[in-house]
Amino acid sequence: MLTRVPLHAAIAVATTVLASSLATVAHADDASPWQRDGHSAVRLLAGSRSGAVLLGGIAFQIQPGWKTYWRMPGDSGVPPRFDFSKSDNVEAVTVMWPAPQKFDDGAGGHSIGYHDQIVLPLRIVAKAADKPVTLRAEINYAVCEKLCVPVAAEVELGFNNVASTEDANLRAALDTVPKPANIGDPNPLTIRDVKLDGPKNVVVDVVAPESSKVDLFVEGPTPEWSLPIPDKVEHSPPGVKRFSFELDGLPPGAKPDGAALKFTLVGPEKSYEFNTNLE
């Protein structure tokens with residue numbers, strides 16, 4: 001039996017199918033294809049397009065048992081490097097770093113980084129808010145198990161959609177970025193004091209919930225500073241978790257007096273960044 005469908009109904013069905021198909025194609029543009037190597041994969045994510053400041057992300061998938069590195073890799077490792085200079089209509093890109101973890105590096109020290117899956121949020125400033133934006137990234141990073149494997153990837157993605165399907169993922173990644181704080185802030189997790197103890201030893205007193213595990217990382221004023229990871233002092237004063245580190249790894253000619261240090265304090269639920277001048 002032949003069923004006749006009215007022309008207006010057929011057009012409506014076809015229009016719905018076409019719109020659905022176009023929506024699928026558009027939302028597929030919210031993420032670039034994965035660029036894969038033997039132990040990891042990387043791609044770009046695009047947030048909603050509105051105004052001259054855009055939110056994007058670099059997503060990594062890391063093979064189980066492997067890791068990649070934070071901006072300061074610790075006692076061993078290679079920090080990721082990003083080049084966005086070939087992008088279209090992009091004035092500046094700021095990489096934001098979720099709170100990292102500390103790992104045994106297998107050589108008696110520790111490295112700092114991420115495992116499994118991680119998204120590094122990007123703050124992207126367009127040159128012209130009313131023109132198309134295409135982000136192109138050359139990404140060089142390392143993934144390590146017992147040995148490190150260098151990876152180079154080139155990825156690109158246009159920011160086209162008013163409502164991106166990646167917005168929730170990007171907001172979740174932003175929530176894991178340590179929040180700015182000041183020394184002595186009255187938070188449950190905070191740095192109370194930073195001071196020199198002798199010519200080279202720095203002591204940092206941390207306030208944290210008694211049973212919580214916290215990690216502390218320190219960076220110098222430039223990437224050429226390679227300061228050690230602060231160690232937790234075994235017998236800390238009552239009410240604080242004390243950390244200390246030696247002023248080693250300074251570039252030639254650098255003086256520690258008055259140096260601008262950045263501390264990242266990582267707790268089980270919240271993390272903070274503190275900037276202070278060493279006195």
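Is Asp 116 buried, partly exposed or exposed? Asp 116 is partly exposed, with a relative accessible area of 37%, where buried means under 20% relative accessible area, exposed over 50%, and partly exposed in between (1.4 Å probe, protein chains only). The model is predicted: local features need pLDDT of at least 70, side-chain atom pairs count only at pLDDT 80 or more, and totals for chains, interfaces and linings use all residues. Residues are numbered from 1 along each chain as its sequence is written, and side-chain values use heavy atoms, with hydrogens and water left out.

The chain as a whole provides the setting. Its secondary structure comes to two helices and 19 strands; helices (H or I, at least four residues) and strands (E, at least two) are DSSP runs, numbered from the N terminus. Of the 279 residues, 43% count as buried. Among contacts with a separation of 6 or more, 66% are accounted for by residues 24 or more positions apart, a contact being heavy atoms within 4.5 Å.

In soluble globular proteins, nonpolar side chains tend to be buried together. A nonpolar core is here a set of buried Ala, Val, Leu, Ile, Met, Phe, Trp, Tyr and Cys residues joined through side-chain atoms within 4.5 Å. The largest such core has 35 residues, of which Ile 58, Phe 60, Leu 120, Leu 135 and Ile 139 touch the most other members. Two or more residues are given to this core by each of β2 (40-46), β3 (53-62), β4 (68-74), β6 (90-95), β8 (110-114), β9 (117-126), β10 (133-144) and β11 (148-159). The largest share, six residues, comes from β10. Domain 1 (35-177) and domain 2 (180-278) each supply at least three residues to this core; the domain bounds come from an automatic or database domain assignment. Apart from this core lies another, of 23 residues, among them Phe 263, Leu 265, Tyr 272 and Phe 274.

Phe 60 links several parts of this account. Leaving aside neighbours within four places in sequence, Phe 60 is in contact with Trp 34, Ala 41, Val 42, Phe 82, Asp 116, Gln 117, Ile 118, Leu 120, Ile 139 and Tyr 141. Asp 116, one of these partners, is placed in the loop between β8 and β9. Its phi is near 65°, a positive value in a residue other than glycine. Asn 89 also has a positive phi, of about 60°, although it is not a glycine. Asn 89 lies in the loop between β5 (81-83) and β6 and is buried, with a relative accessible area of 15%.

Phe 60 also lines the largest cavity, together with Thr 68, Tyr 69, Pro 80, Trp 97, Tyr 114, Ile 118 and Leu 120. On a 1 Å grid over the protein atoms alone, a cavity is a set of points where a 1.4 Å probe fits but cannot get out, and lining residues have an atom within 4 Å of a point. The count comes to one cavity of 30 Å³ or more. The elements that give two or more residues to the lining of the largest cavity are β4 and β9.

Ile 183 is found in the loop between β12 (179-181) and β13 (190-197). Ile 183 is partly exposed, with a relative accessible area of 29%. Beyond neighbours within four places in sequence, its contacts are Ile 191, Arg 192, Asp 193, Val 194, Phe 274 and Thr 276. Ile 183 and Asp 193 are 10 residues apart in sequence and 6.5 Å apart in space, C-alpha to C-alpha.

Technical notes. 1 Å grid on protein atoms, 1.4 Å probe; cavity = no way out; pocket = protein on both sides within 12 Å on 5 of 7 lines; lining within 4 Å. Points joined across faces, edges and corners; volume = space filled by probe spheres on them.
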